[in-house]
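Q: Could you show me how to read a few features of a protein model, step by step?
A: Gladly; let us look at the model together and take one feature at a time.

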Amino acid sequence: MTLEHHRVVITAAGRDFGRTLALRFASLGAEVFLSARTLDAAERVREEIRAQGVDADRVHAFACELTDPASVREFAAAVAARTGHIDVLLNNGSRYQHGTDLLSASDEDVVDTLASGATGTVLATKAFLPLLLASAKPDIVTMVSGCGESGHHRSEAHDAFYAAKSAQAGFTDILSRRLRDRGVRVISLYPPDFDNHDPLSEAWENAPRTAKDPLTAQSLVNCVLFAIGQPRDCFIKSFHFEQV
Ligand SMILES: NC(=O)c1ccc[n+]([C@@H]2O[C@H](COP(=O)([O-])OP(=O)(O)OC[C@H]3O[C@@H](n4cnc5c(N)ncnc54)[C@H](OP(=O)(O)O)[C@@H]3O)[C@@H](O)[C@H]2O)c1
């Protein structure tokens, strides 16, 4: 699959799965607009991508603090200064909070967990919607989590993280319906914990991927590529995964 004609925005691409998405989309030819909480972190990933032979004008780095509406708006404005449209928004950013005891997290942790995952996803989608609506093939992809599924209880994540993921699920569910007539596909992934192998390591190609193994980032990237690669009559709304 080549993504030569795709302009892709990725939030929280400074490490882990966001970095994986940035590296993989760039390696498939997409022009990527990646953000991290600090510009330094985003620029480090941009340099890793450039070191793979990607031209400087195909990878752009920005700072974006998802809990700060002004920062999200500035990120979108900075992208709009470089392009009149984007084709894919990858809502990846969301802070994790561990702990099965509600009392184990501070009030600040609760606020930040909800603000980054829930509020941040709504704000980023709102800020980038005009650029998406200017695309002939707009897709919004959100990394939710099994924790966003109704009745899910297997994770050791904090209740505030469940709340953030449930908010993402509710938001993308209604958005998918409401943007259907405008041709925007809203695709959500609800993975359990997965192994995020480094795309620049041997494990990316060689990690075991049998039925006995945990879900991998490789498979999740493939799900995203499959969904956005479909003809425009095909609105894949969500990916759910059986737990091990
Ligand atoms: N890993 C899993 O097993 C798993 C399973 C299901 C769903 N997911 C979801 O998949 C996505 C990526 O997972 P991951 O494992 O890469 O997550 P992660 O390792 O917990 O990293 C979280 C990312 O979000 C960023 N972030 C946190 N708060 C932010 C804020 N206020 N503003 C901007 N960025 C912020 C972090 O930036 P900093 O580097 O600055 O902290 C980091 O890049 C998340 O939405 C996660 O909930 C992950």
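Q: Where does aspartate 101 lie?
A: In this predicted model, aspartate 101 belongs to the loop that runs between strand β4 (88-91) and helix α4.

Q: How far apart are aspartate 101 and histidine 85 in space?
A: Separation along the chain and separation in space are read as two values: aspartate 101 and histidine 85 are 16 residues apart in sequence, and their C-alpha atoms are 44 Å apart.

Q: At what angle do helices α3 and α4 pack?
A: Helix α3 (residues 69-80) and helix α4 (residues 107-133) pack at about 25 degrees, and their axes are 9 Å apart. Angles under 35 degrees count as roughly parallel, and α3 and α4 are therefore roughly parallel to each other. The crossing of α3 and α4 is right-handed.

Q: Which residues of α3 and α4 meet?
A: From α3 come Pro69, Val72, Arg73, Ala76, Val79 and Ala80, and they meet Leu123, Ala124, Ala127, Phe128 and Leu131 of α4. Sorted by class, this contact of α3 with α4 holds ten nonpolar residues, one charged residue and no polar ones.

Q: Which residues touch the most other members of the largest nonpolar core?
A: That core has 56 residues, and those touching the most other members are Val8, Ala22, Val32 and Ile86. Leaving aside residues up to four places away in sequence, valine 32 touches Val8, Ile10, Ala22, Phe25, Ala26 and Val59. There is also a second, separate core of eight residues, including Leu114, Cys147, Tyr162 and Ala164.

Q: What is the phi of aspartate 16?
A: For aspartate 16, phi is near 50 degrees, again a positive value in a residue other than glycine. Aspartate 16 is found in helix α1, and with 14 other C-beta atoms within 10 Å aspartate 16 is partly exposed.

Key: Residues are numbered from 1 along each chain as its sequence is written. This is a predicted model: local features need pLDDT of at least 70, side-chain atom pairs count only at pLDDT 80 or more; totals for chains, interfaces and linings use all residues. Axes are lines fitted to C-alpha atoms, for helices over the stretch in contact, and angles run from 0 to 180 degrees between N-to-C directions. Helices (H or I, at least four residues) and strands (E, at least two) are DSSP runs, numbered from the N terminus. Angles under 35 degrees count as roughly parallel, over 145 as roughly antiparallel, 65 to 115 as roughly perpendicular and the rest as oblique. A crossing is left-handed if the near helix is turned anticlockwise from the far one by less than a right angle, and right-handed if clockwise. Two residues are in contact if their C-beta atoms, placed from the backbone, lie within 7 Å. Ala, Val, Leu, Ile, Met, Phe, Trp, Tyr, Cys and Pro count as nonpolar, Asp, Glu, Lys and Arg as charged, and the others, Gly among them, as polar. A nonpolar core is a set of buried Ala, Val, Leu, Ile, Met, Phe, Trp, Tyr and Cys residues joined through C-beta atoms within 7 Å. A residue is buried if 20 or more other C-beta atoms lie within 10 Å of its own, exposed if 12 or fewer, and partly exposed in between; C-beta atoms are placed from the backbone.
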